[in-house]
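Reader: I am new to reading structures. Please take me through one part closely, and show me how it sits in the whole.

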Amino acid sequence: MLAWTIYLSFLGALALFLLPSRSATLARLLALFVSIATFVLALLGFLQHRSGEMFTIVSVPWIRSLGINYSLKADGISLTLLLLTGVIGICGILFSWNIDVRVKEFFAFYLLLIGAVYGVFLSFDLFLLFVFYEIVVIPKYFLIAIWGSTRREYGAMKLVIYSFVGSAMVLVGLIAAYVLSGSKSLSLDYLAGYHFSPTVQMWAFPLVFTGFGILAGLWPFHTWAPTGHVAAPTAASMLLAGVVMKLGAYGCLRVAMTLFPLGLGPWGFHILGFGSWRDVFAVLAVIGIVYGALVALVQKDFKFVIGYSSISHMGFILLGLMTLNQIGLSGAVIQMVSHGILAGLLFGVVGRMVYSRTHTRDLAALGPMHLNKIIPFAAFTFVIAGMASMGLPGFSGFAAELMIGIGVWRSYPTLIFFVGIGLVAGVAYIWRAMQQAFFAGSPGPATPPEHPLPPITLPERLAAILLMVSSVIVGIFPQLFLHVIHPALNSPMFDGLRKGGW
Amino acid sequence: MNAIDLGQLLRLLWPEITILIAALVALSVDLAGLRHRSLRLRFLSASFIGSIGCAIAIDELLHVSTQGALLGNIFVATPLTHLVQIALLVITILTLLLAVDSDFTDHVGEFVLLVLLATTGMLFLVAAQDLLIIFVSLELLSLSAYILAGFDKLRPRSSEAALKYFLFGGMSAAFLLFGFSLLYGLANSTNLPQIAAAVQAQPLNPILILAIVTTVIGFGFKIAAAPFHFWAPDVYQGAPIPSAALIASGSKVASFFIFFQLMVLGFAGAEGVASLAHFRSGWVPVLVVVSVVSMVLGNLVAITQTSLRRLLAYSAVAHAGYMLLAYVAHSQQSLAALLYYVATYSLATLGILGILVATEKQLGNDSIAGMAGLSRRAPFLSACLFVFILSLAGIPPLSGFFAKFFLFLSLLTVNPGSKLLLWLIILAIGMSAVSLYYYLRVLKSAFVADPPAESTPIQSSLLLRLLVGVLAGGVIVLGCAPDVILNQILKVIQASGL
């Protein structure tokens, strides 16, 4: 039944493309209906499989001569991320209710993207996973290039080239894994159980990890993300930061780390203090955290602040993966969900609530408008999202970052200091953006925008509330998800990882 | 030499004969009956007759049971050659149908005759096992193609294309013939297996190396591999679209196939090793160089093109580079990968040229910028363009992706430890990341850019839309269910025991 999340999205995209009517409302409603239906399916799947262990949805031979199967499975990690995709999918559509140019095409590309994301999270055949992973690239390009803003064609092309280079690296690793394991199967369980020689793992692991890492905003390959986020229309930024970057992190965990666990092991010598790829990526992740936060601190463009904050938060996920202990890894998965929700919310406020009304994202220009008085709901939402993003207790960010912090403390005690710097800078940039955009509070008379701003609409309110509630749920009951993530991390698939360094 | 069994000859060559008969019928019907009718009717009837001939030939090939060598091994008939011939005939039918909407000439009968003659050349080429026959069939194909390229007598570009094609083609034919004569001198035979035996019996000598190099030059020209590609941009751009379609698809399929046969059968034993550590000269190192040059040059030069047809030409150079990797591996699996690749590549190229038939008629040129806003002026055609372009770029689940994937797999399977092959694959995958840039430029123009102010919807005939739709469907189906055709290819290759 979970497979229908994919099929429904694709069918919805096709239906929208073929829809003869020019009515924009119909297209919006259809897209909303499809996204709600997929979310309900994901939720039902989540509720049905509370044990979090892996179960098969579909498995039929696809390309017999190569031993490739059309195999969809899910475990606790995939279920958690499916739920995230469902929520973000609905909110993205609600936040794009104001799109009025080529509406049908917009939602068709949107649903195509959502369907492919569901596909990646459900695929358990590496070939199939790669197919879905690549399908994601194309709608992203068109969503940004057609409906985007600032330097949209540049941003879209940069994003696509980066993604494609990343997937090229993944493809090399995938082909190598297939051939070296005897050309029998590309099923993830089979490959995870196959013992590749340590030399192979030593080059294949960094290759595949970096390949997926590019999409996860791994420093220094992150530069596509801020430009892409800024150029994208609101819904696309939400999807991009909310779920597409998670695909990268998911691939790192599910493919790179399970297939080539020995690649994480020590090299046997030290260069510049690095003794393994694990050290290298952990340090890159920390640089990402600190660098993203510090750059966000000096941005003039409101959306760039959020764009760089994504780099910082994605750094937490990658660092959590590199801790290789259960609390760090589960923290990374929770952070995927948390950042997905919060990035969606922040981009929703900045892109939809503020930018589409004021037509400027310049913090200096936004301040004098006294937005907290004109659109108080936007200010309220941003305060909540900002608090969650800073990691205040009670919100999702706290739970996730605490777990990752404990994990890091166990594995890399020295790095925790830099993580702390990142957290402090995180408070600072959110505070600065919030203050400058909404509460500039200059004593002088307010310079109202040239034309009165339309009030916040119902779809925006619904989406914002949905996201805030989700963040609080994750923050207060992380157990809900940990309960399914732990069994997944303890499954045989992650055996190699557990025996390796864990 | 054995006595020639004319009955057997007739039976085995029946498809080729059918095509010739169809060509003559098409010519005479056009000349005798339809001289003064409308151009469209003439094209329709001639293409229809030609297609029926091809369909009958396909039917014959499907039901023929005779196998084996003929005329002392000059020709072979195996399931594999039959499969390739069927593919060629299908491509010819598609090319003929593509021509129906054209108005570049009023010599309709002659045009169809030449297309079918070229097809006959291809059919012979695929079955040939003898240097002389290879050369003669290749010339039949080439001479027809030269004329086809220059068929639009009113446009100077077309004549320029034909002249360039002819001059480069003539040169390469001279190289090829020179190489063949050296081979004959070495082996005292024109038969491929006997040449292979002679090649194996002696160490690699300069004459053999010269023969290898000249052969590669001769075929490198036909498959538009760099640095023998100079004719391609002009021919792709200048030739009438149906001629360009034949040159870009059918002629490629046949040339790639026979080139593979010639290298693997004729030069067996002179492969050489192309890795730095154990370098041994032979034809593999030569092809590695040609392949790398083609991939790099084709992809990089394509970036700067402003005309869609020229872009296709340079992308063809790049694709030739990828396909040459199959020669480097030279295994059964890599032959299957090559055939799958070239077939799906032809489908996508034919599709794009088909779309150009409609757009050029109304836009007047094939510039990429001129296609701005095509998605709103011709939604169906641009949806198909989307499929073809992304297939060429290698985006799953379209067939172009699977073709690349299978090709790279077959390469590594031969010799999993080989560093050289791994680096070649990395280069090829990296280059296909580059190619996405220029392919997306085309789609950007069609989907992102706004149409010019007073633009009208682009009209296209039902037949054309049907044809393009079928091609797009083929690209999608072959990508989603590659097993359909892949198993068949693998089976016939095994049955033919290459």
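Author: Chain A holds 21 helices and four strands. Keep in mind that this is a predicted model. Chain B has 21 helices and two strands.

Start with overall size. The C-alpha atoms of chain A fill a box of roughly 70 × 55 × 40 Å along the principal axes. For chain B, the C-alpha trace spans about 70 × 55 × 40 Å along its own principal axes.

Next, burial. In chain A, 63% of the 502 residues are buried. In chain B, 60% of the 498 residues count as buried. Now take the contacts with a separation of 6 or more. In chain A, 81% of them join residues 24 or more positions apart. In chain B, the share is 79%.

Now the close look: two helices of chain B. Helix α15 covers residues 332-363, and helix α17 covers residues 379-393. Their axes come within 9 Å and cross at roughly 145 degrees. The crossing of α15(B) past α17(B) is left-handed. From α15(B), the contact uses T344(B), A348(B), G351(B), I352(B), I355(B) and A358(B). From α17(B) come L381(B), C384(B), L385(B), F388(B), S391(B) and L392(B). Sort these residues by class: nine are nonpolar, three are polar and none is charged.

Stay in chain B and turn to helix α10, residues 231-238. This helix is mostly covered, with eight of its eight residues buried. They are W231(B), A232(B), P233(B), D234(B), V235(B), Y236(B), Q237(B) and G238(B). What covers them? The cover includes α6 (131-149), α7 (156-187), α11 (241-248) and α14 (308-329) of chain B.

Then there is the nonpolar core. The largest one has 413 residues. Six members touch the most other members: V117(A), I175(A), L318(A), L325(B), Y340(B) and I425(B). Follow L325(B). Leave aside its neighbours within four places in sequence. L325(B) is then in contact with S291(B), L407(B), L411(B), L424(B) and A428(B). As a general rule, nonpolar side chains in soluble globular proteins tend to be buried together.

The chains also meet. Their contact takes 26 residues from chain A and 25 residues from chain B. On the chain A side, α5 (126-147) and α6 (152-180) each supply at least two residues. The largest share of that side, 13 residues, comes from α6(A). By class, the chain A side has 21 nonpolar, two polar and three charged residues.

I465(A) lies in helix α19, residues 458-476 of chain A. A buried residue needs 20 or more, and an exposed one has 12 or fewer. The C-alpha atoms of I465(A) and S149(A) are separated by 26 Å. Along the chain, I465(A) and S149(A) are 316 residues apart.

Technical notes
Residues numbered from 1 in each chain as written. Chains lettered and ligands numbered in written order. Predicted model: local features only at pLDDT ≥ 70, side-chain atom pairs only at ≥ 80, totals over all residues. Core = buried A, V, L, I, M, F, W, Y, C linked by C-beta atoms within 7 Å. Buried ≥ 20, exposed ≤ 12 C-beta atoms within 10 Å, placed from the backbone. Contact = placed C-beta atoms within 7 Å. Axes fitted to C-alpha atoms, helices over the stretch in contact; angles between N-to-C directions. Left-handed = near helix turned anticlockwise from the far one by under 90°. Nonpolar A, V, L, I, M, F, W, Y, C, P; charged D, E, K, R; others polar.
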